[in-house]
Amino acid sequence: YIDTINEARKVLVEQVGGTLFTIAKDVKFQIEFNPMRVSEYRLIGYETRLLNREDFNNDKVDAGDIGAGHSVTALYEIVPAGSNGHLMDPLRYRAATPVEPSTKSGEIAFLRMRYKLPNEDQSRLIERPVTDRDTIDDVARAPEDLRFAAAVAGFGQLLRNDPYMKNFGYAQVAELAGGA
């Protein structure tokens with residue numbers, strides 16, 4: 001629905017390229033958290049887009065497309081290992097001594113992304129560790145797009161009466177969005 005000239009400019013000039021020009025198809029992300037660093041995690045949003053673990057390498061399983069100028073943000077809530085913020089009971093059969101990738105790397109997680117170029121049927125793989133160098137210790141120093149995405153996700157969780165929101169309310173959402 002376009003109701004103003006500014007909305008028309010935004011949709012028909014600035015955003016139309018992302019709708020018309022696919023730059024990657026069947027884009028899939030997979031993240032594995034280092035249990036020595038992260039004891040619990042949950043994906044915020046995208047609940048309806050989750051893939052089975054075995055489908056990540058299966059090029060016949062459809063996933064999302066990304067258009068020119070578009071980006072995707074996946075937000076995870078994590079509980080650092082050793083903190084008191086646990087919300088779930090510990091797993092019974094979790095390895096007592098998980099493998100530490102490298103103490104020098106500061107590895108928090110390992111990210112994998114698969115995608116196909118628009119005219120291809122075989123996916124390509126990109127892998128990279130997520131390390132301490134990737135972290136931001138204060139949300140105020142995070143990029144504007146990330147702060148706005150976090151505000152939108154928080155707003156959505158509040159609308160759904162998410163039990164995990166605790167002390168994060170509409171005032172915090174407005175403050176986070178306003179600063180972005």
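**Pocket, helix and exposed leucine**

Tutor: The second largest pocket holds about 180 Å³ of space, a volume being the space filled by probe spheres set on grid points joined across faces, edges and corners. This is a predicted model: local features need pLDDT of at least 70, side-chain atom pairs count only at pLDDT 80 or more, and totals for chains, interfaces and linings use all residues. Residues are numbered from 1 along each chain as its sequence is written, and side-chain values use heavy atoms, without hydrogens and water.

Student: Which residues line the second largest pocket?

Tutor: Ile44, Gly45, Tyr46, Thr73, Leu75, Asp145, Phe148, Ala149, Val152 and Ala153. A pocket is an open set of points on a 1 Å grid over the protein atoms alone, where a 1.4 Å probe fits, with protein on both sides within 12 Å along at least five of seven lines; lining residues have an atom within 4 Å of a point.

Student: What gives the most to this lining?

Tutor: Helix 3 (residues 144-159), with five residues. Helices are DSSP runs of H or I, at least four residues, and strands runs of E, at least two, numbered from the N terminus. The protein has four helices and six strands.

Student: Why is leucine 12 called exposed?

Tutor: Exposed means over 50% relative accessible area, buried under 20%, and partly exposed in between (1.4 Å probe, protein chains only). Leucine 12 has 54%, so it counts as exposed. It is found in helix 1 (residues 5-14).

Student: How much of the protein is buried?

Tutor: Buried residues make up 26% of its 180 residues.
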